[in-house]
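Morning, everyone. I'll take the aromatic rings, then the contact between the chains. Here is the model.

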Amino acid sequence: MSDMSATNGQSDSERKFIAEVDEFQFLAQDLEHILQRLGSWLEQLNGDLQTQRLGAAGLKPTHPLRQQADAVNTAVQTGMRAWSEQWAHLQPAQLLADAFDDKALLLVFGKFNAGKSSFCNFLADRFALHGKTVQYFHLDAGYIVDTAERFQEGSTETTARLQGVTLGEKLVLLDTPGLHSVTPENAVLTQRFTDSADGVLWLTSSASPGQVQELDELARELHRHKPLLPVVTRSDMYEEDEIDGEIKKFLRNKTPQNRALQEADVQARALEKLAAMDVDVHQLKAPVSVSVYMAREGEGDSHQTRAALEAAGFARLYDALLAITEPALAYKRRKAGEILLHHLQENVLGALDTNVSPLLAELHASVQTALLRLEQQQERIVTLAWRGVVPTLPALLEKHAAAHDVQAACDEIAVSSLIAVTDAARAQLADYEIGLDATLARIRLDGEAGFEDIVVEADGQLQVAGVDYQRLHAALEKAIHRNLLRLSAQVAEQCKAALEGLHQQVTDMQASLHVRANALLELQQELRAQHAAGAMA
Amino acid sequence: MNDRWKPAARDVLSVLPGRAHDLARLQVLGDGGHLPIVTVIGKYNHGKSRLLNELIGQDAFAVADRRETVRLSDIVHQGVRWLDAPGLDADVGTEDDRHAWQAAWLESDIRLFVHAAKEGELDARERALLAELHEDSVRTHRQTLLVLTQVDQLADEAELDKVANAIRAQASHATPHPVSSTRYRAGVEGGKKLMLEKSGIPALHALLDAAVGRIPAARQHETALLYGEIRAELQALLADRQASLDALRRQHQQERDNFAQGLRAVLAKVAGDIDELLKASPVGDAQRPETADQIYALTAAKMERARIQIGYSRACIEIDAYLAGHGVLGLPDAQKTAAGSLNSVMVAVMGVSVKHRDRLQRIFLEAAGVERMQREFAHYYEVSEDRVALAAQVADAEVAVKAIAQALSALRTMEAGT
């Protein structure tokens, strides 16, 4: 970095940008009201979830539906614990919040080969050239440590750390390890670093610009409504020629037409991606292209610097940076609200949506299926019990024939019917809690069927040929059938009641979640409307 | 391929729907007029289209410094079909599109996997795809060449070496072949021999020619491989289904035997009771009483008739009990006749009521009568709900086994016909 005299070598855009940065104002804004309402929303939800625990009365623990209901309850409890913990983790990292409360923080985001370090170093050099203070820092064991070292350029994915640089008094660039390079150890810190940013610069190399799947990693920040500026870096290329038996290379900027083509492409696909992610497309700012390398080449001559900066795309970059700082500062004013809102949307409702709602829907469907099946099961119980009781009739009737004891026969059959139905119900409806009402097991015969003495007249006398019980048998079969139907129906009714009870609980829970979701949407609109980007004072 | 191939393939497909893709592939492989296919695969903007244009010697494919449209385009040049596949990036199209392209990549005889040197190492997606292609190569003998493009955009040879080494470490099964389409074009148009040579394109040409030469053998290998796999799958399936069928048949037979045995025992008991009954009653016809003896005889006959009636009703109740226990009789209401006492199966087999001892004798005590009852009750047993259901299961299993056997036969037809 040479010691240069000022104005000739600087572009207007650059001067304007650097001057305005130092004019940033950080107004406090009263978010208490909305924060309170967001808090009440959560309290209401927690309360609802507690009272709406699924009961599954009448279903044994082995019943699949009870297990599904238990799974729902568990998922809710797990969720509630999780979002408490997550909220604790989200408390603004003190180290960064205090240090940078009065500065605009821009996250410099992109793959390892996107040229983040050279980009940041270059901007730092430019600020320094304008006489502004520049301070590099990095995170070491959770502490911010100032350093004189610039960012390492040309490094590979593996050497990555949380670092940043303060440009002047009011602007900070934050750099995190490249995508896919976050280790479990630094994940939490990386998250805090990322959290504290007010806006995002998405650097993407001109070789394959705009790989929008990278934006997935920014989902949380984008859902908090932070602005996003894509910067196409390394917008330069080699031209070759064979000269004196050697291949000579010349680096030059990509043409404006070429850059326009790439920027339009990146913008179109980024918009698509944001829409697909359910992010407000207005957060996306128009992409610009730069070549740090070419900008540096022009630094040698104070006359050429301005032209070189412009040709390398930096005039447009500075304008774009100014354009993004306004929404970034607006975000900063709303920040506490945005963070809480997003936490509720994603960690609370989002988690419920992902983990609980599908289970509820499944359970709902399962209950319907079980209710339908109940009819078949009821019939099957009657059939099985029938097959158990009727074969006992011959011996039973024979036993009571001599004494003509119809009542005794009926009593015995009542008992065996009850046993048969109980057994069949235990098999068919094993997982339901059922009680059989013994008083319902009655055998009532139609008409006067009974043991009949077959009498033959002889010599004016009546002789008994024997006892017939064919009609009695037929009557008994009818009565047994009625009895079995009654008993089976009683059992099925209990199961039905249990299922319908569960069904009601499920629909209640689904309804209340729906209500909560709508309420939160309203709060979101309120937050953004009332605290929309105001002018910088 | 003869015209018995397609219908035979359908037989196989109906049994193994999961092999639809492989069968389609076999059809393609068997198609004599099928040109060798070279597909260029890679992320967008890595120089696929430029490379293709240089290899073919025509500006056939659209080139731009941005992601181009998402269509598969192709051209035939010197007996080879060249395909330019859209980028393998995640943000390209729907899942269906991806599957279609992946099929295209997989199915090409030669895959030129392209990666821009300036990008440095392969990213995760590229590594995954290269690994997949490599696995596929090992299995089917389709070939993959790894091409490092746009090497003119690197600062110098040292950087090229660095990138090439890094990539070799990531994908040890692939050799990176460096090329520069720009250099080649400049070399050709400007007659610059060094640029031409350093473009790597002539060397790549030579590699491709050699690879194209190996295609027929690769296709033969793949054909044999697919037929082998399908056959093995069918055979395993056949064994499995056959075992199921056998088990079902055994169950069906066992139940039938059990029923018959049980019925035999009940009928024997009933026969015993009736036999005793008949022995205890004097034989005689009812006649007009004229004497005291005859009056006595009349009474005796009346008694006998009464007892026979009772005995018969007992027998029916016993049999009814057995049949009910085996699900032969449905529930009462459906079965009762107008008489209200015997159900319809009993009536059908036994008749309405029996008054004469001769009839009883014939039905219960004579072999022919017993056999008749045995047979007829067995018939009603077979039409009862559960039996019908089991019979249907057996029938379904038989159909399934037959279909598999037919598929195996069809497979032989297919192999013979290509």
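Phe17(A) is buried, and Phe127(A) is buried too. Keep in mind that this is a predicted model. The rings of Phe17(A) and Phe127(A) pair edge-to-face, with 6.1 Å centre to centre and 90° between the planes. Phe17(A) belongs to helix α1 (residues 12-21) and Phe127(A) to helix α5 (residues 116-129), so the pair ties together parts of chain A that are 110 residues apart in sequence.

Next pair. Phe100(A) and Phe137(A) are tilted: 5.3 Å between centres, 35° between planes. Helix α4 (residues 94-100) holds Phe100(A) and strand β2 (residues 134-140) holds Phe137(A), so here the parts tied together are 37 residues apart in sequence. Phe100(A) and Phe137(A) are both buried.

Zoom out. Over all chains there are 10 aromatic pairs. Ring pairs also build a cluster from Phe17(A), Phe122(A), Phe127(A), Phe314(A) and Tyr318(A). And one charge over a ring: Lys249(A) lies over the face of Tyr238(A), 5.0 Å from the ring centre.

Now the interface. How many residues of chain A are in contact with chain B? On the chain A side, 53; they meet 54 residues of chain B. About 4700 Å² is buried between the two chains, and carbon and sulfur atoms give 53% of that. Glu242(A), Arg387(A) and Gln470(A) supply 13% of what chain A buries against chain B, more than any other three residues.

Polar side. Between chain A and chain B we count 6 salt bridges. Arg380(A) forms a salt bridge with Asp386(B), with the closest N and O atoms 3.5 Å apart. Polar contacts join 16 residue pairs between chain A and chain B.

Definitions and conventions. Residues numbered from 1 in each chain as written. Chains lettered and ligands numbered in written order. Predicted model: local features only at pLDDT ≥ 70, side-chain atom pairs only at ≥ 80, totals over all residues. Heavy atoms only, no water. Phe/Tyr/Trp six-rings, centres within 6.5 Å; stacked < 30°, edge-to-face > 60°. Helix = DSSP H or I, 4+ residues; strand = E, 2+ residues; numbered from the N terminus. Buried < 20%, exposed > 50% of the residue type's maximum accessible area, 1.4 Å probe, protein only. Lys NZ or Arg CZ within 6 Å of the ring centre and 35° of its normal. Contact = heavy atoms within 4.5 Å. Buried area = accessible area lost by both parts, 1.4 Å probe. Salt bridge = Lys/Arg side-chain N within 4 Å of Asp/Glu carboxyl O. Polar contact = N/O pair within 3.5 Å; in protein donor to acceptor, adjacent residues only side chain to side chain.
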